[in-house]
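Subject: Structure handover

Hello,

Here is the structure we talked about. Please load it first, then read my notes below.

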Amino acid sequence: MGEKKADTGTGAHSSPAKDGDRRIGRRALLVGGAAATVGSVVLARDELARLWWRLPSVEKPRKEGEVDFTGARWVAASSANWRRADRPDDYGIDRVIIHVTQGSFASAVKVFQDPGHGAAAHYIVRQDGHITQMIRELDVAFHAGNRSYNERSVGIEHEGFVDRPEDLTDAMYEASARLTARICGRYGLPVDREHIIGHVEVPGTDHTDPGSHWDWDRYIPLVRRALTARSRAAGTSDGTRTSAAPETSAS
């Protein structure tokens, strides 16, 4: 956590020219093709209301305190530790990156709110399973130490130390798995080790987290089960949501 590298080459609110080419997201293309095929068929009112959300170059509206995961508590990171974006329409999201804080939950929140730290993740999962969101998934968090990976990923921190397996609690694994399942469903990511990786696996990083005690053989099946349960509850085959609209923040 504290030794993270900042996302070099950009500031918190850099101009679009510095962000590279804005690309049409896969979902936007799918929606456009579906709309053309439908023709004269009247779409459901609620679906029409959501179509604009997926169009490229349309900045999503934001409200203070909104979160992307139901039940998460919103605590804003310093704007110096992330870059405003319009994901997944400008940068497609293709992976989740797992971190361990190397400190307490409180210390992680403190440094992510410090403009001099130069790094922050989208989420922090506490040992008791409580989830705090500090950066919207729409935006690029400086968490991976690699600009390309930052632009394409969602970062999840976990409270604890890499050399203390007792810090990785059942409640933490289960809450984190539900969060990762929701992210995978939202962006159509396969639940596998290619798309859910550790910080140590990011090219160019000098980090070792989440460490040898992180149980991938346990975690990936937990994510799959959470995604399946979510799919059944939603009545869908793949767990994807019909929109990337924000969810409800915990009080």
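Predicted model: local features only at pLDDT ≥ 70, side-chain atom pairs only at ≥ 80, totals over all residues.

Isoleucine 93 touches Arg87, Pro88, Glu137, Arg152, Ser153, Val154, Tyr187 and Leu189, leaving aside residues up to four places away in sequence. Contact here means heavy atoms within 4.5 Å. Isoleucine 93 lies in the loop between β2 (82-83) and β3. Its relative accessibility is 7%, so isoleucine 93 counts as buried. The cut-offs: buried is under 20% relative accessible area, exposed is over 50%, and partly exposed is in between (1.4 Å probe, protein chains only).

Residues are numbered from 1 along each chain as its sequence is written, and side-chain values use heavy atoms, with hydrogens and water left out.

Now the overall layout. The protein chain has six helices and eight strands. These are DSSP runs numbered from the N terminus: helices are H or I with at least four residues, strands are E with at least two. From the N terminus, the order is α-α-β-β-β-α-β-β-β-α-β-α-β-α. Of the 251 residues, 51% count as buried. Among contacts with a separation of 6 or more, 78% come from residues 24 or more positions apart.

Glutamate 157 is worth a look. It sits in strand β7 (residues 153-158). Glutamate 157 counts as buried because its relative accessibility is 0%.

The buried residues of α3 are Phe105, Ala108, Val109, Val111 and Phe112. Their cover includes β4 (123-125), β5 (131-133) and β7.

Next, helix α5 (residues 170-187). Its 18 residues should span 26 Å at 1.5 Å a residue, and the end C-alpha atoms are 26 Å apart, which agrees. The expected span is 1.5 Å times one less than the number of residues. In α5, 14 of the 18 residues are buried, so the rest of the structure largely encloses this helix. Just after α5, glycine 188 takes a positive phi of about 70°.

Helix α6 (residues 216-234) is its partner in a crossing. The two axes come within 8 Å and cross at roughly 55°. Axes are lines fitted to C-alpha atoms, for helices over the stretch in contact, with angles from 0 to 180 degrees between N-to-C directions. α5 and α6 are therefore oblique to each other. Oblique is what remains after roughly parallel (under 35 degrees), roughly antiparallel (over 145) and roughly perpendicular (65 to 115).

Which residues of α5 and α6 meet? On α5: Asp170, Tyr173, Ser176, Ala177, Arg178, Thr180, Ala181, Arg182 and Gly185. On α6: Arg218, Tyr219, Leu222, Val223, Ala226, Leu227 and Arg230.

α6 has 19 residues and reaches 27 Å from first C-alpha to last, close to the 27 Å expected. Its buried residues include Trp216, Tyr219, Ile220, Leu222, Val223, Ala226, Leu227 and Ser231. Covering them are, among others, β3 (95-98), α5 and β8 (196-198).

Best wishes
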